[in-house]
Amino acid sequence: MLKTKRLILRKWTEKDADNLFEYAKEPEVGPAAGWQPHKSKEESLEIIRNVLNGAECYAICEKGTDKAIGSIELRLNGHTDMTERDDECELGYWLGKPFWGKGYMPEAVREMLRHGFEDLEMTTIWCGYYDGNQKSKRVQEKVGFLYHHTCENVPVPLMNEVRIGHTNVMTKEHWMLQKDFEL
């Protein structure tokens with residue numbers, strides 16, 4: 001379990017299926033991240049069992065509640081196509097629409113960066129977004145990710161589409177400089 005000023009990041013459980021469905025059925029949430037809106041609580045339960053079960057995958061909860069309102073994950077080597085190195089990983093995240101605009105995602109991302117660099121000893125964390133996903137782009141800018149490259153014709157299999165993908169990067173050295181600057 002990880003904690004921030006306003007959030008708890010904890011492992012997903014099957015009890016979260018109702019909350020996951022509540023937010024993942026929204027058409028403005030999943031498609032921007034490359035996945036279809038959920039169609040049932042049963043589908044959300046299967047997603048918890050088979051997708052949100054990674055070693056570093058966490059449900060985002062507001063402190064004082066245990067209600068999952070989003071997800072954040074560091075995808076380790078073998079679970080990402082952004083790197084083949086064991087000391088690098090990919091950050092992914094989404095947040096339920098009622099919680100947009102509160103600064104929750106930058107707060108959660110900052111804690112995941114800390115966790116990745118300090119606890120997991122990563123040297124580099126990659127993160128991306130699809131063209132047009134301004135919310136994800138803005139989160140990455142706020143926390144200090146640096147632009148790395150853009151790829152045309154990126155397959156998005158869960159949407160049966162091809163999109164433009166933008167990739168950003170954060171090195172441990174850059175993160176440490178930023179962290180020192182924020183203090």
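Okay, quick one today. Keep in mind that this is a predicted model.

Let's start with the sheet. We have eight strands in an open sheet, and the pairing is mixed. If you walk across, the order goes S1-S2-S3-S4-S5-S6-S8-S7. So which strands sit at the edges? That would be S1, residues 2–3, and S7, each of which pairs on one side only.

Now the helices. H4, residues 104–119, lies across S1, S2, S3, S4, S5, S6 and S8. Its direction is at about 30 degrees to S4, the strand at 68–75. H5 packs on the sheet too, and there the strands touched are S5, S6 and S8. Against S6, the direction of H5 makes about 150 degrees.

While we're on H5, which covers residues 134–143, have a look at Ser136 in that helix. Is Ser136 buried or exposed? Buried: the relative accessible area comes out at 13%, and the cut-off for buried is under 20%. And what does Ser136 touch, if we skip the neighbours within four places in sequence? Two tyrosines, Tyr93 and Tyr129.

Last stop, the hairpin. S7, residues 146–156, and S8, residues 161–171, run antiparallel, and eight bridges join them. If you want a pair to click on, Val154 is opposite Arg163 in S8. Between the two strands there are four residues. Asn160 in this hairpin is worth a look as well, with a positive phi near 55 degrees.

That's my tour, thanks.

Terms used
Residues are numbered from 1 along each chain as its sequence is written. This is a predicted model: local features need pLDDT of at least 70, side-chain atom pairs count only at pLDDT 80 or more; totals for chains, interfaces and linings use all residues. Side-chain values use heavy atoms; hydrogens and water are left out. Two strands pair if DSSP finds at least two bridges between them. Buried means under 20% relative accessible area, exposed over 50%, partly exposed in between (1.4 Å probe, protein chains only). Contact means heavy atoms within 4.5 Å. Axes are lines fitted to C-alpha atoms, for helices over the stretch in contact, and angles run from 0 to 180 degrees between N-to-C directions.
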